Amino acid sequence: MGTGTGVTQSVRTAGDGNTAYNNVGINVTENGFAPANIVQSGQVLVAGGTVTGDSAAGRVSVSASNGGLQMAIQGNHNQGNSLQQIGGGQVLQGTVLTGDRNFVTNMTQLNVVMNNGLGNAALNCNLDQLKGLRTLGY
């Protein structure tokens, strides 16, 4: 994959019968409350660290670095890979399929919650930070 800023999406395929989709959703609300946290278990991801998991299908790696979050999936048996990254001023999704009969859906959902206590000037300042995603029409 090359380089890009803002929102970047890429799908490359080889083989037969492959299907791949990319989707990014961004919701901006002004109610001052983030969605409730769901109690979860597993490994703790710390800044600069990586959490990995393996199965018969392949390996998933989740990393926290450079002020962002990245999830990479490597399929076993040379089937391909998928990548999602958010942070550092960009949202990136990429899929490379090299085997046959793969189905990949990259979905990223970003929820931005603004505080009701902000004045109009402060709210506009916070929204200006999101404009970088709009310059390319997103």
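Setting aside neighbours within four places in sequence, asparagine 18 is in contact with Thr13, Leu97, Gly99, Asp100, Arg101 and Asn102. The model is a predicted one, and this residue makes a handy way into it. Asparagine 18 sits in the loop that links β1 (6-13) to β2 (19-30). Two of the contacts can be spelled out in terms of polar atoms. The side chain of asparagine 18 reaches the backbone oxygen of glycine 99 at 2.8 Å. A polar atom of that side chain also lies 3.4 Å from the backbone nitrogen of arginine 101.

Strand β5 covers residues 68-75 and strand β6 covers residues 80-87, and the two pair in the antiparallel sense over eight bridges. Together β5 and β6 make a hairpin with four residues between them. In that turn, histidine 77 has a positive phi of about 60°. The pattern then carries on from β6 to strand β7 (residues 90-97): these two run antiparallel and are joined by eight bridges. This second hairpin, of β6 and β7, has two residues between the strands, and glycine 88 takes a positive phi near 65° there. As for individual partners, leucine 83 has glycine 94 as its bridge partner in β7.

Leucine 69 gives a closer look at the β5 side of things. This residue belongs to strand β5, and its bridge partner in β6 is isoleucine 86. Leucine 69 and glycine 87 are 18 residues apart in sequence, yet their C-alpha atoms are 6.3 Å apart in space. Not counting residues up to four places away in sequence, leucine 69 touches Leu45, Val62, Ser63, Gln84, Gln85 and Ile86.

The protein chain averages a pLDDT of 77, with 70% of the residues scoring at least 70. Strand β3 (residues 50-55) has the highest confidence in the chain, at 93, while helix α1 (residues 120-128) has the lowest, at a mean of 61. Where pLDDT is low, the predicted coordinates should not be read in detail.

How values were computed
Residues are numbered from 1 along each chain as its sequence is written. This is a predicted model: local features need pLDDT of at least 70, side-chain atom pairs count only at pLDDT 80 or more; totals for chains, interfaces and linings use all residues. Side-chain values use heavy atoms; hydrogens and water are left out. Two strands pair if DSSP finds at least two bridges between them. A polar contact is a pair of N or O atoms within 3.5 Å; within protein, one must be able to donate a hydrogen and the other to accept it, and residues adjacent in sequence count only if both atoms are side-chain atoms. Contact means heavy atoms within 4.5 Å. pLDDT is the predictor's confidence in each residue, from 0 to 100.
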